[in-house]
Amino acid sequence: TLFRSTYGNVRLYARDSAGKEYQVSNVSIAKHSDGNGRIYHTIKIPGGVDTDYLRVCVGYTYWNSPVSISELRFYAYDSLEDDILALYADSLHMTLQAEVDEDTIQALQTRLDTPDQVSGEFHPEREALQRELDNARNLLTTAYQEVIQVHTQISTKKDGSIGFTGLNAWQPLGVSAYAGEEIVVYVGSDTGKPGDTATLQLIASQYNAEYGQVVSQPISLKVGRNEIMVPELVTFDAEHGGALYVQYTGSSTSAQYSVRVSGGVEIPRLDLYGVEDAETRLELVTDYVRALESHAQNLEATHSQLHSGHEYNPQECVLNTTDVQLDQMMLSVPVTQLLAGLSGSTQEKAAQLLDSLDAMDQMMILFYQHKGLTNLAGAGSANALPAQHLNIRYMRMFAGAFMYAAGNHIGIGWDS
């Protein structure tokens with residue numbers, strides 16, 4: 001258990017029976033909170049290690065404090081976590097192994113609910129493992145939520161020659177999470193195997209943030225299971241947390257990644273990127289409006305159930321957020337405010353919203369054409385439309401402002 005700041009990587013060395021030191025492979029490190037504001041880290045050794053000697057080397061990013069380990073606690077290896085994760089046949093934990101049945105899951109549940117005979121303690125990651133068992137039990141009878149397919153055409157590697165800034169490559173995951181909450185991000189890849197580095201990064205945001213406190217430092221992801229504690233980004237007195245995003249950092253548009261989040265709360269999300277068929281667009285927008293209406297109707301009750309530490313305020317509730325992804329624009333706005341701008345039946349609201357989104361797409365193309373950027377044949381790659389997008393976000397305004405343009409987003413106030 002490592003107390004202090006953030007450690008992003010770890011190396012572990014042990015000695016074999018001959019006394020020769022060697023590096024233990026596939027070791028991982030994860031950040032946690034004890035619920036009282038105290039941060040600690042866990043180091044995992046797959047399969048454990050049999051040795052009388054360990055040398056621990058933890059690394060940190062340059063903006064964090066130097067390494068300081070005040071306490072180390074050792075746990076005897078227990079295969080329970082490995083056995084639970086072995087229930088799944090895929091890296092996204094959406095498919096169970098063929099031989100898994102209710103008896104298999106119940107046997108693991110019994111082990112998880114049984115304290116250690118020596119210490120009397122439960123497994124140190126009992127809560128996270130319980131989520132994995134609950135997920136496996138649900139998969140026996142129901143299909144899981146839709147997985148997010150990453151658009152690898154949107155990349156941080158591109159747009160270096162366009163001559164202006166203000167864009168980002170964030171792609172919404174349809175999840176809002178509280179700061180300090182521990183989540184699991186599953187990454188699937190068409191080529192990589194679990195444990196391989198993915199050219200993907202997680203971005204955590206703050207709902208209704210102030211300028212300069214919008215998103216976290218990018219959090220690197222690997223193929224398979226990623227345990228992440230949502231970072232604290234602000235100190236002001238309001239709910240801390242917000243929507244989660246992923247950004248692709250590779251250069252290959254043929255790469256395929258899929259992402260699923262366990263934890264947080266599902267929020268409405270509309271993805272019209274690359275969707276050109278008019279009927280398909282209308283169908284997607286209609287389903288989205290239905291999701292907005294349902295989410296808004298249950299918003300205060302969900303807040304009271306999950307975030308009772310703060311009085312419900314739609315301007316500050318981190319669940320009152322939604323993202324709309326277009327070809328050249330992403331809108332990150334409050335659910336209730338988006339609905340307030342629409343009227344009539346669900347179908348009428350969908351038609352109104354689609355008209356506005358179509359107009360936004362057309363306007364962006366026109367603006368870029370005025371800058372000499374187009375995807376028309378013969379224009380050349382140097383004059384192509386940006387791969388990243390503008391992002392209009394609901395933000396906390398400073399005195400006298402109704403909007404502002406920043407390095408990677410455009411901020412608007414509640415009533416803008």
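Author: Happy to! Two strands pair if DSSP finds at least two bridges between them. The strands themselves (E, at least two residues) and the helices (H or I, at least four residues) are DSSP runs, numbered from the N terminus. You are looking at a predicted model, in which local features need pLDDT of at least 70 and side-chain atom pairs count only at pLDDT 80 or more, while totals for chains, interfaces and linings use all residues. Residues are numbered from 1 along each chain as its sequence is written, and side-chain values use heavy atoms, with hydrogens and water left out.

Now to the sheet. Three strands make up an open sheet in the order β3-β2-β6, and their pairing is antiparallel. The edges belong to β3 (21–23) and β6 (54–59); each has a single partner strand, so one side of each is left without a neighbour in the sheet. From one strand to the next, the twist averages 20° (axes are lines fitted to C-alpha atoms, for helices over the stretch in contact, and angles run from 0 to 180 degrees between N-to-C directions).

Follow β2, residues 9–15, on its β6 side: six antiparallel bridges join the two strands, and L12 faces V56 of β6. On the β3 side, β2 makes three antiparallel bridges, with Y13 bridged to Q23. β2 and β3 form a hairpin with five residues between them, and G19 in that turn has a positive phi of about 85°.

Elsewhere, the largest nonpolar core has 28 residues, and V285, V324, M329, L338, L353 and L357 have the most contacts inside it. Such a core is a set of buried Ala, Val, Leu, Ile, Met, Phe, Trp, Tyr and Cys residues joined through side-chain atoms within 4.5 Å; buried means under 20% relative accessible area, exposed over 50%, partly exposed in between (1.4 Å probe, protein chains only). Helix α6 gives the most to this core, with seven residues. Contact means heavy atoms within 4.5 Å. Not counting residues up to four places away in sequence, L338 touches Y288, L292, T322, V324, V333 and L353. Another core lies apart from this one, with 23 residues that include L173, A177, V187 and L202.

One last stop is R281, which sits in helix α4. R281 is buried, at a relative accessible area of 7%. Leaving aside neighbours within four places in sequence, R281 is in contact with L272, V275, E276, L354, D358 and D361.
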